[in-house]
Amino acid sequence: MTELTPKTRQDLAAELIAKAWENESFRQELLSHPKDAIAKLLGINLAENLDIRVVQETPQNLYLVLPVKPDNT
C-alpha cells in the first residue's frame with residue numbers, strides 16, 4: 001500500500017502555477033474564482049470562511065506575500 005505524502009504550500013503553489021501556465025481556461029478561472037478552481041483541481045471542498053485571492057504579476061508589478069507568523073509556544 002502506498003502512503004500519500006501531503007503537499008506543502010510551496011508544492012501546491014508550484015502545481016497551480018504550472019497548470020495556469022499550460023491551461024488558459026484554468027488560469028482565467030483561477031484569477032476570477034480561485035477558491036472554486038483550487039477546490040475543483042484538488043477534488044475537495046474548502047472551508048466556507050476561507051478567502052483565497054490570486055493576483056498575476058507583470059514585469060512592472062511584483063507581489064510579496066507575508067505569511068502568518070508561526071506560534072513560538
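Modeller: Contact here means heavy atoms within 4.5 Å, and helices (H or I, at least four residues) and strands (E, at least two) are DSSP runs numbered from the N terminus. This is a predicted model, in which local features need pLDDT of at least 70, side-chain atom pairs count only at pLDDT 80 or more, and totals for chains, interfaces and linings use all residues. Residues are numbered from 1 along each chain as its sequence is written, and side-chain values use heavy atoms, leaving out hydrogens and water.

The part I will take is helix α2, residues 24-32. The protein has a mean pLDDT of 90, with 90% of its residues at 70 or more.

On one side is α3, residues 34-42, whose axis comes within 5 Å of that of α2 and crosses it at roughly 130°. Axes are lines fitted to C-alpha atoms, for helices over the stretch in contact, and angles run from 0 to 180 degrees between N-to-C directions. From α2, Phe26, Glu29, Leu30, Leu31 and Ser32 meet Pro34, Asp36, Ala37, Ile38 and Leu41 of α3. Seven of these residues are nonpolar, one is polar and two are charged. For those classes, Ala, Val, Leu, Ile, Met, Phe, Trp, Tyr, Cys and Pro count as nonpolar, Asp, Glu, Lys and Arg as charged, and the others, Gly among them, as polar.

α2 also packs on α1, with axes 5 Å apart and an angle of about 125°, so α1 is oblique to α2. Here Leu16, Lys19, Ala20 and Glu22 of α1 touch Glu24, Phe26, Arg27 and Leu30 of α2. This contact divides into four nonpolar, no polar and four charged residues.

Phe26 and Leu30 also belong to the largest nonpolar core, with Leu16, Ala20, Ala37 and Ile38. Such a core is a set of buried Ala, Val, Leu, Ile, Met, Phe, Trp, Tyr and Cys residues joined through side-chain atoms within 4.5 Å, where buried means under 20% relative accessible area (1.4 Å probe, protein chains only). α1, α2 and α3 each give two or more residues to this core.

Definitions and conventions:
pLDDT is the predictor's confidence in each residue, from 0 to 100. Angles under 35 degrees count as roughly parallel, over 145 as roughly antiparallel, 65 to 115 as roughly perpendicular and the rest as oblique. Buried means under 20% relative accessible area, exposed over 50%, partly exposed in between (1.4 Å probe, protein chains only).
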